Amino acid sequence: MKIVILGYGKMGHEVEQVALSRGHEVLYRIDTEEEWNTNKEAVSKCDVVVEFSTPATVIGNINKCFDINIPIVVGTTGWYDSLNEIEKRCKSGGHSLFYAPNFSIGMNFVFQLNKQIAKFAQQHDYQLEITETHHIHKLDRPSGTAVKLANDIITNNSGYENWKLDESGEKILKVNAIREGEVFGIHEIKALSGCDSITLRHEAFSREGFATGAVVAAEFLNGRKGVFTMDDLIS
């Protein structure tokens, strides 16, 4: 496939290495509005855009790809308040979008386990709490992964109606967000009772797992129309 990387930071560099190792061609690496405008016509001839930018620029980037009808894989988080609007445009316009709060295959397995521990906690009177830790450069807080974990708990455990950052309360799921050093990503779900505690933990050792998942998602998206997530890929 001919790939364009939109957002050429640390993740963009990692995506490039994985894409090349899997036999794909990286046509352009775009990191500024000027670079997009200069290469827009050529980008329209690529097979897919892989996007890892910032919460402030991601919506604009998605719409730019829709404007020229190019499939886009989005790894940026912190924009899901606009998800309904983006999904509506994608489906009505016949576009292609793959997004995920976390592209790690291991983390997506933890998402499944998290739903089970949410049900278990309600049945056996355990209290739940989420803690996520990332590097100091991460802009959104909490992470998109932690938000998904929290929302999945709320869906599967009627003891919680909402989640709050650094706050607990009646029917409130507490989510802690820590920013320190160069941590790639740690997510913990803790279930606590009066007798014991259970901790479900995922730790990323590098960016390679995220990049690999994003490139595999790009391969999956090729030739498909609509909105897709890691659930579609894994199933």
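**Reading the backbone and the fold**

Tutor: Pro142 sits in the loop that links strand 6 (127-134) to helix 6 (144-156). Keep in mind that this is a predicted model.

Student: What is the state of the peptide bond from Arg141 to Pro142?

Tutor: Most peptide bonds are trans. The bond from Arg141 to Pro142 is cis, with omega near 0°.

Student: Which residue has a positive phi although it is not a glycine, and where does it lie?

Tutor: Most residues other than glycine have a negative phi. One of the exceptions here is Asn69, with a positive phi of about 55°. Asn69 belongs to the loop between helix 3 (58-67) and strand 4 (72-74). Its relative accessibility is 40%, so Asn69 counts as partly exposed. Lys171 also has a positive phi, about 60°, and is not a glycine. Lys171 is placed in the loop between strand 7 (162-165) and strand 8 (172-179). At 35% relative accessibility, Lys171 is partly exposed too.

Student: How many residues does helix 1 have, and what span is expected for it?

Tutor: Helix 1 covers residues 10-21, twelve residues in total. From its first C-alpha to its last it reaches 17 Å, close to the 16 Å expected at 1.5 Å a residue. After helix 1 comes Gly23, whose phi is positive, near 85°.

Student: Which residues of helix 1 are buried, and what covers them?

Tutor: Met11, Gly12, Val15, Glu16, Val18 and Ala19 are buried. Their cover includes strand 1 (2-6), strand 2 (25-30), strand 3 (48-51) and helix 7 (208-221).

Student: Is His202 buried or exposed?

Tutor: The cut-off for buried is under 20% relative accessible area. His202 has 14% relative accessibility and therefore counts as buried. The residue is part of strand 10 (residues 197-203). Leaving aside neighbours within four places in sequence, His202 is in contact with Ser104, Gly106, Met107, Val110, Gly185, Ile186 and His187.

Student: What does the radius of gyration say about the whole protein?

Tutor: A compact globule of 235 residues would have a radius of gyration near 18 Å, and the protein has 19 Å, which agrees. Along its principal axes, the C-alpha trace spans about 60 × 40 × 30 Å. The secondary structure amounts to eight helices and eleven strands, and 48% of the 235 residues count as buried.

Student: What share of contacts joins residues at least 24 apart?

Tutor: Among contacts between residues at least 6 apart in sequence, the share is 64%.

Note on methods: Residues are numbered from 1 along each chain as its sequence is written. This is a predicted model: local features need pLDDT of at least 70, side-chain atom pairs count only at pLDDT 80 or more; totals for chains, interfaces and linings use all residues. Side-chain values use heavy atoms; hydrogens and water are left out. Helices (H or I, at least four residues) and strands (E, at least two) are DSSP runs, numbered from the N terminus. The radius of gyration is taken over C-alpha atoms; the globule rule is 2.2 Å times the number of residues to the power 0.38. Buried means under 20% relative accessible area, exposed over 50%, partly exposed in between (1.4 Å probe, protein chains only). Contact means heavy atoms within 4.5 Å. The expected span of a helix is 1.5 Å times one less than its number of residues.
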